[in-house]
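Hi there,

Here is the structure I promised to pass on. My notes on it follow below.

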Amino acid sequence: LEYPAKPAHWKAGLTLLSKISQQLGCEPMATAASAAAQNLNQPQAWFDLGYQAIEQNLHALAANALLQADDLKPRDVYIIPELCVALEHLMLNQLAVDKLKSCQEEPLLRYLLAFHQIMRGQLAEAEQIVSSPRPNPDVQLDFMFTCLERILARARVLDDLLITQPLRAWQ
């Protein structure tokens, strides 16, 4: 079930994960894995598995499950943010950017797109999103966008250095 998973192994792998999780006393994961194994074409089953995998810090499994959910129910505003969490932990920021570019209507998804663009070094693209007006004021989102503004301000100061250095952990 490691990323990227082979779909041919899903049913057997998830059935085994369910049994192991049950033996370890992790009932929510056991239930989610069993439901996904039995409902391979149900996006909610994959979403629930992905969510439980994130809760257990199993980000590769989460990414696989949430990508499967996204394939079955593309551009869903509940699936995409969770998928981005898993992809962030796997440092698959470009895949997150690719997924988010097709669904920028939601302010949270615009924030996530800008964040992942920053992590990829796509600072000009992120700057456009961060500096654009947000239609519905939201205190939490405003705070999150302010954090991105600060990261971008630091990036501008360090512009020459960033051109020749990896971007990991500079922000």
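**What turned up**

Asp76 is found in the loop between helix H4 (59-72) and helix H5 (79-89); helices here are DSSP runs of H or I with at least four residues, numbered from the N terminus. This is a predicted model, so local features need pLDDT of at least 70 and side-chain atom pairs pLDDT 80 or more, while totals for chains, interfaces and linings use all residues. Residues are numbered from 1 along each chain as its sequence is written, and side-chain values use heavy atoms, without hydrogens and water.

Asp76 has a relative accessible area of 12%, so it counts as buried (under 20%, with a 1.4 Å probe and protein chains only). A polar atom of its side chain lies 3.0 Å from the backbone nitrogen of Ile79.

On to the rings. Rings of Phe, Tyr and Trp (its six-membered ring) pair if their centres lie within 6.5 Å; planes under 30 degrees apart are stacked, over 60 edge-to-face, the rest tilted. The count comes to four aromatic pairs. One of them is Trp10 with Trp46, edge-to-face at 4.6 Å centre to centre and 70 degrees between the planes. That pair links distant parts of the chain, with Trp10 in helix H1 and Trp46 in helix H3 (residues 43-55), 36 residues apart. Both Trp10 and Trp46 are buried.

The Tyr111 and Phe115 pair is stacked because the ring centres are 6.4 Å apart and the planes are at 25 degrees. Both residues lie in helix H7 (residues 107-120), four residues apart, about one turn of the helix. Ring pairs also link Tyr111, Phe115 and Phe145 into a cluster.

Enjoy exploring!

Note on methods
Helix = DSSP H or I, 4+ residues; strand = E, 2+ residues; numbered from the N terminus. Buried < 20%, exposed > 50% of the residue type's maximum accessible area, 1.4 Å probe, protein only. Polar contact = N/O pair within 3.5 Å; in protein donor to acceptor, adjacent residues only side chain to side chain.
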